[in-house]
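Biologist: Pick one part of this model and walk me through it closely, please. I'd like to hear how its pieces sit against each other.

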Amino acid sequence: MPVRLAFDEMKGADGTVRPAYSELADWLKDIRPDTLDHRRQEAELLFRRIGITFAVYGEADAQERLIPFDVIPRILSAGEWDTLRRGLEQRVRALNMFLRDIYTRREVLRAGIVPDDLVFQNPVFRPEMNGQKVPHDIYVHIAGIDIVRVDADTFYVLEDNARTPSGVSYMLENREIMLRLFPELFARHRIAPVENYPDELLATLTSLAPDSAPGDPTVVLLTPGVYNSAYYEHSFLADKLGVELVEGRDLFVKGGVVYMRTTQGPKRVDVIYRRVDDDFLDPLAFRPDSGLGVAGLMSAYQAGNVTLANAVGTGIADDKAIYSYMPEILKFYLGEEPILKNVPTWRCREPDALAYVLDHLEELVVKEVHGSGGYGMLIGPTADKAQIASFRTKLKLDPKGFIAQPTLALSTCPTCVDAGVAPRHVDLRPFVLTGRDRIRIVPGGLTRVALKAGSLVVNSSQGGGTKDTWVLDR
Amino acid sequence: MLSRTADNLYWLARYVERAEYLARILEATQRITAMPLAYVGETNEWASAVATAGCSGAFFAAHEEANEETVTEFLAFSTANPSSILNCFEVARSNARAIRTALTVEMWDAINTTWLELKRFGNRPQSRDEFARFLRWVQESSLRFDGSAYRTMLRNDAYWFSRIGVYIERADNTARILDVKYHLLLPEDEHIGGPLDYYQWAGILRSVSALTAYHWVYRESLKPWLVADLLILKDQLPRSLSSCYENLVQNLDRIANAYGRQGPAQRQARAVRTKLQNSRMEEIFGEGLHEFIGGFIADNNRLGEAIRQQYLA
């Protein structure tokens, strides 16, 4: 890989172990390779058993659905986490203020911070939300902010996921499995727990109930159903939250209020943690062919009788085209410098930037503005001539459709591979919960790891795995 | 609790119970058809098995003749028959999957393992021996699921709806056997059969696993009117109509107590149970066994519909 030598989170370039990793490094030195391998197999067995428990096992594609798990944890010091936490809170506050502004006064557009067409011509902008009041003015209640690290002090926000971010069930299960496999390692560290996430999520969701809701609001989790790839996470979370896992057909709207069909008759629903995309929420408002939604849901929402988490139309805040403007957006609303930086980004819509990008395709990462999941992107340094040529044509045809970023040397962490323990690139997705009362962040998040040597793509759809993420308490 | 969840639990239990019943019918039929004609007479037991399974219409639309091959295929493995053993387990498992968190781990393991093992029999048994093993396996799978529900579920509405599914299906199954075989079970003075019927009576008892129970209850040789008495009125027999309704009333009452409200389902169940409690075999024979059973099947369907409307829709 023609990228700079990556920052390793355990060891400095001179081989000295960073303080947060000192216990782990000692432990790794002492442990016999076959013990590690044995634990690795045990972990896989446990996951498979959870797979059995959660309904994917037995399917023809069961093997693919098991995301590889690496038994070596990724560690963040208390200081590092503190910076991250403050940065995440700041970022999510700005996202919420931006959304409120975009759908009401649009000061950010009038001030010329963000070009109009990026908003109004964007397919994820929802005109239905214009002037619409949402309960407590919060739009993004559950955010998954993707973070990458490039050196000791620099964390970049790679992507803001403000729609229906997934992966939190892996964060919780990875920890459960590690606690079972390595009790001794836990005793040697002081690790902040994550098991309270479902409680924090429930507290957040409950706090969001509309004012017309009764004192003890009813929360449900809306899933597209068993055929959705994240169904396992939906049923896992509903179970941990102790709320009903509903499908569209379990709900109906009458007199501007949402009800679920229960064995004791209709029961009012006040907060819907929905894992169904905007497009499919309500066949009367969005896609008329959607069988996953609830007819009339938007009318109940507009009447202020139900909270949708996240709100409708949040996609405009995590769009890749908007992303590059986030530092300015944040400064505009909060008057503060961003604690977490953006990855430097060339907006190909700007002629100077486009010219630079076309000249440097071999060293840049080019992303489609509306792509996701690691698809539709060019990684210059590893691409062949034909791929580069094809992106050159695409860029010239539709410069607005692309952004470009430098190829980042993502930090690495020690990881179990066939040849033993070796550094692999990682990212981090912490989950940020915004309730009426406050913002809650469980220390850590989901660490994704690119298991192939040299690979920078951590997406599970493309050979990525996960690790438990430890935040040291001191 | 979501109506859909209750509906899934109810049908999950019904389908598992139905699979076991079909296996018993096939087992009993296989046994009776293996006997020399001199012992059982010239009857088409395979057609009778289809009738007892309640799917004569669909069967004869697909097959001209009811024989071992066509009936076994239709009742056990046909994908076209929505109530074949194969489809029962298929539907049961997909119901279970949709409400995974409402089940205990043990219940899920039981139904999921059954579903996985079913693939082992996917290519149809090659011999009668193998088929017999398959039928045993079906019954054991059902017992395992039932047992895990009994031993691991919380005693709340989820459990009660699941039990209601079991008993309503069981009552229907027992009634269907009686409906098809009633002519063999007439009272002493009307009875014109000879020793030929003895094996038929034994077959009936076997299909509700009550042959041994009969001897314990009556302590005498098989008498057709006593077979009817056992299957209809004897509370002690878990598959008798009376016992099924005892349990239906009990579980529906628990739901009513928990929800603080009675409804048409409770009234219907109680009315049927009262009728069974107040009946004596002489009266039933007097009114006509066939008419009595026909009336019961209709009543049982009405209860199913009342439960659906009251709770599951």
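Modeller: Let's take chain B and its domains, whose bounds come from an automatic or database domain assignment. Domain 1 covers 1–153 and domain 2 covers 155–313, and their centres, taken over C-alpha atoms, are 20 Å apart. Bear in mind that this is a predicted model, where local features need pLDDT of at least 70 and side-chain atom pairs count only at pLDDT 80 or more, while totals for chains, interfaces and linings use all residues. Residues are numbered from 1 along each chain as its sequence is written, with chains lettered from A and ligands numbered from 1 in the order in which they are written.

Helix H13 of chain B (residues 241–259) has the highest confidence in the chain, with a mean of 98, and helix H2 of chain B (residues 37–40) has the lowest, at 68. (Helices are DSSP runs of H or I, at least four residues, and strands runs of E, at least two, numbered from the N terminus.) The whole model scores ipTM 0.82 and pTM 0.87.

Domain 1 of chain B puts 29 residues into the contact and domain 2 of chain B puts in 25, counting residues whose C-beta atoms, placed from the backbone, lie within 7 Å. On the domain 1 side, helix H1 (3–33), H2 and helix H3 (45–52) of chain B each give two or more residues. H1(B) gives the most, 17 residues. That side of domain 1 of chain B splits into 18 nonpolar, five polar and six charged residues; Asp, Glu, Lys and Arg count as charged, Ala, Val, Leu, Ile, Met, Phe, Trp, Tyr, Cys and Pro as nonpolar, and the others, Gly among them, as polar.

Among the H9(B) residues making the contact are B:Trp160, B:Ile164, B:Tyr167 and B:Ala171, while H13(B) brings residues including B:Leu241, B:Tyr245, B:Leu248 and B:Ile255. Charged residues take part as well, including B:Asp157 and B:Arg163 from H9(B) and B:Arg254 from H13(B). By class, this helix pair's contact has 13 nonpolar, three polar and four charged residues.

Note on methods: pLDDT = per-residue confidence, 0-100. Contact = placed C-beta atoms within 7 Å.
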